[in-house]
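Subject: Structure handover

Hello,

Here is the structure you will be working with. Please open it next to this message and follow along.

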Amino acid sequence: MEPGPGLTLVIGRNGSGKSSFAEAAELALTGTCKRWEKKSVEWKAGWRNLHAKHAPLIRCGFSLEGVGETKVTLRWKDGGEFEAMERTVTLRGEAVDWAGLGWDASVQTHRPFLSYAELGALVEKPSGLYDQLEGILGLEAVASARTRLSARKKTMSKALKQCDERRKELVEQLSGLEDPRAADCGALLAGRKAPDLKALSRILTGSDEGAGAETIAALQGITQLRAPDVDRVGALVDALRGAIEAHESATTAQAAQASALVRVLGQALELTQAAGHDETCPVCSAPLSERWRAEAERRAAEAKALARGLAQSQLALQQAVADLRAQIRGVPPALTRAVEGLDVESLRTRWQAWAEAPTEPRALAEHAEQRVLELADATRTLQAEAKALRDHLADAWAPVGEALGAWIGAARAVEPARPKVAALKKAEAWMKTVEGTLRAQRFEPIRARAMEVWGMLKQSSSVSLDSLELAGTATRRRVELKVSVDDQDSVALSVMSKGELNALGLSLFLPRMEQPGSPFRFVVVDDPVQAMDLDKVDGLARVLASVAKTRQVVVFTHDNRLPEAVERLRSDARVVEVHRRAQSEVEAREGQQTSDRFFDDAFAVMNSERELGPAVVGDLVPAFCRDGIEAACRRRVQRDRLGRGDPHETVARALAEASTTQQLMALALALLSDGSKGSEVYARLENGVGRTCRIGSTPSTMTPGDLRCPRHVW
């Protein structure tokens with residue numbers, strides 16, 4: 001379907017599945033199906049598609065003005081009962097709650113569906129019709145409307161007024177605070193527009209990224225700074241200097257040569273030990289006696305002690321340097337942001353100088369000793385100032401912040417009422433103006449439109465609708481339909497035929513759907529043509545075309561008279577054909593004029609000449625073309641003659657008497673218009689458009705653009 005005003009005819013024979021579409025849309029939107037409501041359990045048992053292999057599913061797409069497409073889906077589990085349907089709604093691609101759409105009341109009051117079963121019941125049950133009309137007018141609320149509107153407006157206005165007054169008080173309180181959060185909140189609260197409650201909440205919780213939140217976070221960070229531990233740094237400086245002295249003491253010429261001497265003596269001892277007896281030195285050839293061995297072992301032990309002392313002093317020095325450097329950290333993140341009222345820059349400079357420690361051990365010790373006390377004092381001083389400022393701001397902010405939090409909660413509760421109060425004020429003012437004449441004024445356009453629609457529908461009917469009134473109350477409520485037959489007053493139900501009653505039902509249904517109060521800009525009517533004669537079908541086509549100027553009108557029918565009437569009256573309409581195939585396969589396709597379908601079939605056969613053979617093509621193509629010409633002739637005769645006012649019976653009789661193609665063409669040709677002049681048809685064609693096409697001679701080369709082709713002529 002194309003959303004927007006227009007007429008769509010869904011056509012198909014009985015049993016093709018048309019009503020399944022109409023009832024599916026009705027069920028999706030209303031949650032029920034009027035045709036089924038009072039039927040027996042056995043009658044409802046066949047609600048499933050007998051041949052479907054998957055679980056039942058209905059999905060309807062509705063186009064909402066200013067919103068876009070909304071999809072309503074009904075699902076059933078395999079084997080589930082009809083009542084166990086699950087309805088889901090998708091709005092802008094997101095699932096929403098059905099109740100949140102607010103359609104329930106509108107569906108009841110402005111129900112846009114009308115089945116054939118309901119059509120007659122509209123008139124046959126005056127109390128039911130009364131209720132439907134009254135629901136649209138809101139007449140049941142007239143007596144108490146002003147009281148309820150006023151009370152509701154007063155309650156909402158009082159809450160909103162209190163909220164607005166408290167808002168002004170908060171703006172004044174915030175303007176006197178130095179807290180940067182106050183400036184942020186004041187800016188949000190000032191002005192006439194509704195403030196951003198979420199942004200206010202973020203400021204209160206500290207999750208906001210504004211200037212106020214950053215300042216408070218910076219203050220908190222400064223108060224949590226870890227100043228260098230002076231005692232710890234002093235001890236580490238002393239330890240480093242001790243390690244330096246120990247290392248310098250251990251670093252002698254003998255200690256430096258000790259490692260080499262240990263290696264040489266060790267090799268010599270290994271040599272004598274391997275020989276097992278006195279040996280001579282391989283370098284100086286001196287004897288290596290036992291005495292020499294003892295002296296060498298003593299000297300090796302002394303050398304090892306010297307080397308070990310040097311290594312240990314080196315490790316101790318490295319550890320002392322590492323321990324002291326671990327106390328020297330970089331600039332803390334809390335000092336990266338300036339805070340008004342605090343000298344953050346000075347402390348940041350000291351931390352930067354503290355962090356830039358030299359690598360040479362003695363210089364490192366000197367650096368740490370000189371700067372640690374100054375840095376620790378400066379850090380503690382700034383911490384104290386930050387804590388004092390934070391506490392000062394907190395003391396001033398706490399009561400205002402608490403009040404602001406309470407106001408946000410109240411504002412969230414009452415803010416949705418603001419647009420409602422504006423609507424209530426307008427409604428109350430309007431009710432004061434029209435309360436006395438509300439009934440007559442509201443019903444007048446429906447009455448006038450119903451009379452107008454009946455005037456178009458009744459056509460040759462002798463029944464005139466003289467008045468339409470709402471009468472009675474409670475159990476005696478009714479819609480009085482005063483009619484006259486040849487100027488004699490009567491009651492509608494007693495003198496109207498079934499077709500007239502159906503037409504009258506449409507006259508009452510369609511004006512309700514056209515009311516400005518209806519949110520639905522579409523109407524779905526199932527089988528309205530039944531029991532109507534040709535004149536009323538023409539009237540129905542005119543009525544539907546008039547409604548379709550402002551509404552989307554979808555009509556389901558198996559009766560070809562309606563699409564023919566629409567086509568004949570040259571109304572702009574879209575036709576969708578529904579066909580049921582085997583195994584409950586239902587196909588919906590764009591409709592065509594009957595004559596066009598015959599010619600399309602002819603060309604399809606011609607294009608399949610190779611598969612079908614010339615003989616088959618020669619038999620089928622002329623038959624299809626003849627049927628297409630006859631259909632076009634009938635359409636033209638009906639359009640021209642009924643358009644100039646000829647009675648339907650006269651036109652139908654003329655078409656029935658034209659039993660041959662030539663007679664039909666004679667009727668249709670503007671210059672002949674007489675079925676008895678069939679012999680003049682070929683001459684008329686040859687004079688007007690040239691020689692007629694010889695179907696079957698060269699079928700594969702004939703195209704719709706060929707001037708000799710009957711499709712081009714018709």
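First, the ground rules. This is a predicted model, in which local features need pLDDT of at least 70, side-chain atom pairs count only at pLDDT 80 or more, and totals for chains, interfaces and linings use all residues. Residues are numbered from 1 along each chain as its sequence is written, and side-chain values use heavy atoms, with hydrogens and water left out.

**The sheet**

Strands of a sheet pair through backbone hydrogen bonds, either parallel or antiparallel. Here, six strands form an open sheet with mixed pairing, in the order S6-S12-S13-S1-S14-S15. S6 and S15 (586–590) are the edge strands, each with a single partner, so one side of each has no neighbour in the sheet. Two terms need cut-offs. Strands (E, at least two residues) and helices (H or I, at least four) are DSSP runs, numbered from the N terminus. Two strands pair if DSSP finds at least two bridges between them.

Now look at S13 (residues 552–557). Six of its six residues are buried, so S13 is largely enclosed by the rest of the structure. Buried means under 20% relative accessible area, exposed means over 50%, and partly exposed lies in between (1.4 Å probe, protein chains only). Gln552, Val554 and Phe556 point one way from S13. Val553, Val555 and Thr557 point the other way.

What pairs with S13 over six bridges? Strand S1 (residues 6–11) does, in the parallel sense. Gly6 has Gln552 as its bridge partner in S13. Strand S12 (residues 522–526) also runs parallel to S13, joined by five bridges. There, Val525 stands opposite Val555. S12, helix H20 (residues 534–547) and S13 make a right-handed β-α-β unit. Right-handed means that, with the strands pointing away from the viewer, the path from the first strand over the helix to the second runs clockwise.

S1 also pairs with S14 (residues 573–580), parallel, over five bridges. Thr8 has Arg574 as its bridge partner in S14.

Most residues other than glycine have a negative phi. Gln583 has a positive phi, near 60 degrees. Ser584 has a positive phi too, near 60 degrees. Which is buried and which is exposed? Gln583 counts as exposed, at 54% relative accessibility. Ser584 counts as buried, at 15%.

Helix H14 (residues 344–355) has 12 residues. Its buried residues are Val344, Leu347, Trp351 and Trp354. They cover an arc of only 85 degrees around the axis, which puts them on the same side of H14. The arc is that of the directions from the helix axis to the C-beta atoms.

Leu508 sits in helix H19 (residues 498–513). Leu508 is buried, with a relative accessible area of 2%. The C-alpha atoms of Leu508 and Arg447 are separated by 8.2 Å, although the two residues are 61 apart along the chain.

**The largest cavity**

About 80 Å³ of space lies in the largest cavity. A cavity is a set of points on a 1 Å grid over the protein atoms alone where a 1.4 Å probe fits but cannot get out, and lining residues have an atom within 4 Å of a point. Which helix gives the most to this lining? H1 does, with three residues. Among the lining residues are Glu23, Arg35, Arg111 and Asp526.

Best wishes

Note on methods:
Expected span 1.5 Å × (residues − 1). 1 Å grid on protein atoms, 1.4 Å probe; cavity = no way out; pocket = protein on both sides within 12 Å on 5 of 7 lines; lining within 4 Å. Points joined across faces, edges and corners; volume = space filled by probe spheres on them.
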